[in-house]
Number of protein chains: 2
Amino acid sequence: MFLMMEAQIDEILRKNQLSVTGSRKRILELFLMSNGALAHGDIEKKTGEKFDRVTVYRTLQTFLEKGIIHSIPTPDNSVLYALCKDDCSEGHHHDNHVHFICSICGKTICLADVTVPEVKLPVGFLPHEYQMVVTGLCKECR
Amino acid sequence: MFLMMEAQIDEILRKNQLSVTGSRKRILELFLMSNGALAHGDIEKKTGEKFDRVTVYRTLQTFLEKGIIHSIPTPDNSVLYALCKDDCSEGHHHDNHVHFICSICGKTICLADVTVPEVKLPVGFLPHEYQMVVTGLCKECR
DNA sequence: AATCTTTTTGCAACAAAGTTGCATGTGATT
DNA sequence: AATCACATGCAACTTTGTTGCAAAAAGATT
Ligand SMILES: [Mn+2]
Ligand SMILES: [Mn+2]
Ligand SMILES: [Zn+2]
Ligand SMILES: [Zn+2]
């Protein structure tokens with residue numbers, strides 16, 4: 001099963017024309033293993049002293065640009081990242097799903113099946129993208 | 001008309017049991033004059049060298065706690081603040097309106113009349129607060 | 001108006017978060 | 001194996017946010 005994961009990681013990187021390196025493999029692995037979104041800090045902690053802080057920044061930046069991950073705005077203005085669905089491509093994301101943040105455990109979860117509803121805006125406003133974040137209690141913490 | 005504003009500022013501060021000081025008056029004035037949300041940096045620039053950076057941080061913190069302003073999460077994870085409606089009080093905000101961010105001019109606007117719709121979540125999730133941010137083009141930039 | 005008390009402010013020092021340039025190391029291609 | 005482009009680590013730096021404390025200003029009391 002770990003071999004499967006490794007193959008999957010390789011495939012994702014190749015598909016996005018990225019060379020397969022240690023930090024990229026490790027960070028992508030973290031995302032695949034995690035059920036919630038990750039902050040830059042989380043990744044730094046989990047990779048330990050293995051990689052430079054700068055490398056983590058640049059890797060996340062690269063993944064963002066390639067559409068491998070997307071960032072999530074949170075009410076406390078911290079930066080979170082989560083895997084995109086397969087069909088996100090460079091530049092054009094379509095992760096228009098709701099994000100849920102648990103007030104107790106702090107975990108942020110992509111509700112991939114809950115689509116962000118469109119709302120009617122006042123005249124003059126031309127909407128492009130809708131984002132929705134819900135805070136509350138998750139399954140484990142309620 | 002400027003006298004009116006000054007009176008209004010005084011009233012807001014008094015109503016919230018805050019002493020009326022130079023920085024609080026000035027920063028509150030900036031919010032009342034602005035039609036969009038303000039970032040910490042905006043405020044620093046507009047107050048010039050008048051007040052210390054730390055004072056701006058603390059003033060915003062105080063206004064937040066008192067329910068005079070609310071913060072807005074943005075897709076690029078910067079921190080924005082905007083005035084609350086009159087009936088927000090300490091701790092309990094009810095600014096459950098949609099926020100609009102223009103991709104051209106960058107202005108962030110409170111759509112006070114557009115209520116955030118509630119969505120049905122998967123079983124197990126207990127929602128508490130819904131936040132919604134829409135990006136696109138504003139009236140002036142479209 | 002003068003005095004006392006409480007709160008706010010500015011300063012300095014610090015901590016955390018993020019950026020940039022450049023030399024070196026590694027992965028991909030032939 | 002040799003080459004070349006790209007990714008990484010390091011150092012130095014900027015930007016952003018925090019904390020403790022003394023001085024200053026605001027509010028209350030006489
Ligand atoms: Mn997501
Ligand atoms: Mn608002
Ligand atoms: Zn939880
Ligand atoms: Zn605009």
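How are α2(A) and α3(A) oriented to each other, roughly parallel or roughly perpendicular? The numbers come first. This is a predicted model, and every value below is computed from it. In chain A, helix α2 covers residues 22–33 and helix α3 covers residues 40–47. The two pack at an angle of about 115°, and their axes are 11 Å apart. Angles of 65 to 115 degrees count as roughly perpendicular. α2(A) and α3(A) are therefore roughly perpendicular to each other. Their crossing is right-handed. On the α2(A) side, the contact is made by A:R26, A:I27, A:L30 and A:F31. On the α3(A) side, A:I43, A:K46 and A:T47 take part. By class, this contact of α2(A) with α3(A) holds four nonpolar, one polar and two charged residues.

Now step back to chain A as a whole. Its secondary structure consists of four helices and six strands. Read from the N terminus, the order is α-α-β-α-α-β-β-β-β-β. The C-alpha atoms of chain A fill a box of roughly 50 × 35 × 30 Å along the principal axes.

Side chains of opposite charge can pair when their charged atoms come close. Here A:D10 forms a salt bridge with A:R14. The closest N and O atoms of the pair are 3.2 Å apart. Over all chains, a search of the whole structure finds four salt bridges.

Turn to chain B. Two packed helices are described by the angle between their axes and the distance between the axes. Helix α2 of chain B (residues 22–33) packs on helix α3 of chain B (residues 40–47) at about 115°, with the axes 11 Å apart. That angle makes α2(B) roughly perpendicular to α3(B). The crossing of α2(B) and α3(B) is right-handed. α2(B) brings B:R26, B:I27, B:L30 and B:F31 to the contact, and α3(B) brings B:I43, B:K46 and B:T47. The contact of α2(B) with α3(B) counts four nonpolar, one polar and two charged residues.

α2(B) also packs against helix α4 of chain B, residues 53–66. The angle here is about 70°, and the axes are 10 Å apart. That makes α2(B) roughly perpendicular to α4(B). The crossing of α2(B) and α4(B) is right-handed. From α2(B), the contact uses B:S23, B:R24, B:I27, B:L28 and B:F31. From α4(B), it uses B:T55, B:V56, B:T59, B:L60, B:T62 and B:F63. The residues of this contact divide into six nonpolar, four polar and one charged.

Finally, look between the chains. How many residues of chain A are in contact with chain B? There are 37, and they meet 37 residues of chain B. The area buried between the two chains is about 3000 Å². Carbon and sulfur atoms give 65% of that area. Which three residues supply more than any other three of the area that chain A buries against chain B? They are A:N77, A:F125 and A:L126, and they supply 20%. Salt bridges between chain A and chain B number zero.

Terms used. Residues are numbered from 1 along each chain as its sequence is written. Chains are lettered from A and ligands numbered from 1 in the order in which they are written. This is a predicted model: local features need pLDDT of at least 70, side-chain atom pairs count only at pLDDT 80 or more; totals for chains, interfaces and linings use all residues. Side-chain values use heavy atoms; hydrogens and water are left out. Axes are lines fitted to C-alpha atoms, for helices over the stretch in contact, and angles run from 0 to 180 degrees between N-to-C directions. Angles under 35 degrees count as roughly parallel, over 145 as roughly antiparallel, 65 to 115 as roughly perpendicular and the rest as oblique. A crossing is left-handed if the near helix is turned anticlockwise from the far one by less than a right angle, and right-handed if clockwise. Contact means heavy atoms within 4.5 Å. Ala, Val, Leu, Ile, Met, Phe, Trp, Tyr, Cys and Pro count as nonpolar, Asp, Glu, Lys and Arg as charged, and the others, Gly among them, as polar. Buried area is the accessible area (1.4 Å probe) that two parts lose on being put together, summed over both. A salt bridge is a side-chain nitrogen of Lys or Arg within 4 Å of a carboxyl oxygen of Asp or Glu.
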